[in-house]
Amino acid sequence: MSVSQANETNPVRQVPDRLRSPLQRLLASWEILLLGVAVAVFVLNSFASPYFLDPWNLSDATFNFTEKALIAFAMALLIVSGEIDLSVASIIALASTAMGFAVQLGAETPTLVLVGLGVGLLCGAFNGALVTGLGLPSIVVTIGTMSLFRGISYIVLGDKAYTGYPADFAFFGQGYVWWVISFEFVLFAFMAVLFAVLLHKTNFGRAVYVIGNNPVGALFSGIRVPRVKFALFLLTGVMSGVAAICLTSRLGATRPSIAFGWELEVVTMVVLGGVNILGGSGTIPGVVIAAFVMGMVTFGFGLLNVPGIVMSIFIGLLLIGVIALPRIARRMLAARRG
Amino acid sequence: MTLSFLKSRELVLGVAILALLLAIASRFPAFIEPANLAKVFNDTAPLIILALGQMAVILTRCIDLSVAANLALTGMVVAMLNTLYPGLPIPVILMVSILLGAVMGLANGLLVWKLDIPPIVVTLGTMTVYRGIIFLISDGAWINAHEMSESFKAFPRAVFLGLPVLSWIAIVAVTGFAVLIGRTALGRAFYAVGGNPHAAVYTGINVGQTQCAAFVLSGALAGLTGYLWVARYAVAYVDIAGGFELEVVAACVIGGISIAGGIGSVGGALLGALFLGIVKNALPVINISPFWQLAISGSAIIVAVAFNATSTRSKGRVILKKAEHAQ
């Protein structure tokens, strides 16, 4: 059954006579295109507002994307493998609520970090077990857990909020390592390298691509597909936990509506970064540049006093546009070739 | 075989609903008085109407997450129309809301059909775009009860043969859908496209067009519900029905509609919506905080999808792969 499906869903691809030169490939790549957009946004922003080029303002701007990007790295791997996790924002809510609860019991910062990571891990394990253990479609499972995880936060908190985090806990979201370089930015850079190595330089990363391109083939070549997918859900859960620690530390308070709607922005970031939403291709450098583009656009709009909901229109259009435009372009090219 | 399974699924759900009602009634007999049950049904009517449209979309292996935003935008537009031209007759308002909703559904459908973009991505995107447009046209302001005309607000509440018009519209929608799904070529095409897109192509069905039709249908119903919602609650603002799309999907999944497409029934969608509606209305009665609602519908989705999967395991797991069309 599933063998025939894999054959059916892969349309025949045209194989060219020879490969283009490495330079040509680099120049035509999505990442270079995106880098151009990033530079354009940067230049436009610096013309649009005199406050943009201030080092402290730029440093503040990085907070717009660092937390989301932390999740986007793990999400990129998950989407490359052909799955998706829409519950990430709700994992943040639950992890943050658990940390707030721990504070009420008198927990210190190290315990809070462990609680945040632990809840993220558990949520990821729950998603992973449902998807790989029971063989359920990840999209429905995570729509379900999206309600469930945030629902638990609402049950615990209702219309109240947790505050009173210890003073040294503020370092994760508000601390600076050196001059204008924030802890979050350093974490973002470190994770970017870590995930790039994981996806592009390890056997595990190759397995992720293989699974995304052909799950049945992966199985026959000895890759333990469910185990890899389970690991990816765990990873996404833990990274959501990390994001929860940073965000909670930055805001200094937990409400059940924390990080509401972030799943959309994280998925948009991944797709904008050139990851195929159907799985099988994508790179971490692409996601890193996409994070910068989205962060700079959001920050630029903010400087121009554009309300948040108008930015969300832009993000929605961006999500559709980045998938639609290459398809339209390819179709037009194909039409011209006859 | 399939038919008997569907029947049993509806039976299981029907029994579950009865058990739920009896359990509530054992402590709060007033809950199952006919007048209260009619009230619960009326309260659930918007969910039922939206679940029907969503069912058509899910049958064709797609998903429509933009229904709540569509509802809110249409509601805002007709409310603004009403404040500008208070004399506009109700049939015109109804036409406008259905048309506007259908146009938004068409936008989703065309992106899925003509550009082959996965439905989940399209509707996640249009969901935020539609919500954002409400803000743009309203400047974030509310339209309150006193700004709406009396006839505008009265229509869904008007009582006809013992039930409010809102309930009647839900009943008409269910009946209409039963006919559409069971007795027309389009209804069969929904199942064919979801069950096996490749086979559907060979039988002469245009897969993309059928999916587009499902989106238009879902959009039109969302638009209609938009007017009914705004008129019933007598207020329109950016965030009305926020997150309602998840409840609609939940109703479908609970009703046994397979997210992998091709399996489901009108009765299932109706019962799934009623199940959620009864839970929602029962929570305050049995003195549980309404904050439990979200977690309960989340758990219900997970339990239902696990239950569905035991019978449809071979249906494939990677839903995003399913988004690819047969060319």
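Reader: How does H7(A) pass H8(A), in a left-handed or a right-handed crossing?
Author: This is a predicted model. In it, H7(A) passes H8(A) in a right-handed crossing.

Reader: At what angle do the axes of H7(A) and H8(A) cross?
Author: At roughly 145°. The two axes come within 10 Å.

Reader: Which residues meet there, from H7(A) and H8(A)?
Author: H7(A) brings Cys123(A), Phe126(A), Asn127(A), Leu130(A) and Val131(A). From H8(A) come Ser138(A), Val141(A), Thr142(A), Thr145(A) and Phe149(A).

Reader: And by class, what does that contact of H7(A) with H8(A) have?
Author: Six nonpolar residues and four polar ones. No charged residues take part in this contact of H7(A) with H8(A).

Reader: OK, what about H6(A) and H7(A)? At what angle do they pack?
Author: About 145°. Helix H6 of chain A covers residues 88-104, and helix H7 of chain A covers residues 109-133. Their axes are 9 Å apart. The crossing of H6(A) and H7(A) is right-handed.

Reader: Which residues of H6(A) meet H7(A)?
Author: Ile91(A), Leu94(A), Ala95(A), Ala98(A), Met99(A), Ala102(A) and Val103(A). On the H7(A) side they meet Thr111(A), Leu112(A), Val115(A), Gly116(A), Val119(A), Gly120(A) and Cys123(A). By class, that contact has eleven nonpolar, three polar and no charged residues.

Reader: New pair. How do H5(A) and H15(A) run, roughly parallel or roughly antiparallel?
Author: Helix H5 (residues 66-80) and helix H15 (residues 284-303) of chain A pack at about 150°. H5(A) and H15(A) are therefore roughly antiparallel to each other. Their axes are 10 Å apart, and their crossing is right-handed.

Reader: What makes the contact between H5(A) and H15(A)?
Author: From H5(A), it is Ala69(A), Ala72(A), Phe73(A) and Ala76(A). From H15(A), it is Ile284(A), Val287(A) and Ala291(A). By class, the contact of H5(A) with H15(A) has seven nonpolar residues, no polar and no charged ones.

Reader: Zooming out: how many helices and strands does chain A have?
Author: Chain A has 16 helices and two strands. The radius of gyration of chain A is 21 Å, close to the 20 Å that the globule rule gives for 338 residues, so chain A is as compact as a globular protein of that length. The C-alpha atoms of chain A fill a box of roughly 65 × 55 × 35 Å along the principal axes.

Reader: And chain B, how many helices and strands?
Author: Chain B has 14 helices and two strands. Its C-alpha trace spans about 55 × 50 × 35 Å along the principal axes.

Reader: How many residues of chain A are in contact with chain B?
Author: 48 residues of chain A, facing 49 residues of chain B. Helices H1 (2-9), H8 (138-157), H14 (262-272) and H16 (308-337) of chain A each supply at least two residues of that side of chain A. That side divides into 32 nonpolar, 13 polar and three charged residues.

Reader: What ipTM does the predictor give the complex?
Author: The ipTM is 0.80, and the pTM is 0.84.

Reader: What pLDDT does chain A average?
Author: Chain A averages 87, with 91% of the residues scoring at least 70. Over residues 1-11 of chain A the pLDDT is below 50. Where pLDDT is low, the predicted coordinates should not be read in detail.

Reader: Which element of chain B has the lowest mean pLDDT?
Author: Helix H14 (residues 319-322) of chain B, at 46. Helix H10 (residues 207-233) of chain B has the highest, at 96. Chain B as a chain averages 88.

Note on methods
Residues are numbered from 1 along each chain as its sequence is written. Chains are lettered from A and ligands numbered from 1 in the order in which they are written. This is a predicted model: local features need pLDDT of at least 70, side-chain atom pairs count only at pLDDT 80 or more; totals for chains, interfaces and linings use all residues. Two residues are in contact if their C-beta atoms, placed from the backbone, lie within 7 Å. Helices (H or I, at least four residues) and strands (E, at least two) are DSSP runs, numbered from the N terminus. Ala, Val, Leu, Ile, Met, Phe, Trp, Tyr, Cys and Pro count as nonpolar, Asp, Glu, Lys and Arg as charged, and the others, Gly among them, as polar. Axes are lines fitted to C-alpha atoms, for helices over the stretch in contact, and angles run from 0 to 180 degrees between N-to-C directions. Angles under 35 degrees count as roughly parallel, over 145 as roughly antiparallel, 65 to 115 as roughly perpendicular and the rest as oblique. A crossing is left-handed if the near helix is turned anticlockwise from the far one by less than a right angle, and right-handed if clockwise. pLDDT is the predictor's confidence in each residue, from 0 to 100. The radius of gyration is taken over C-alpha atoms; the globule rule is 2.2 Å times the number of residues to the power 0.38.
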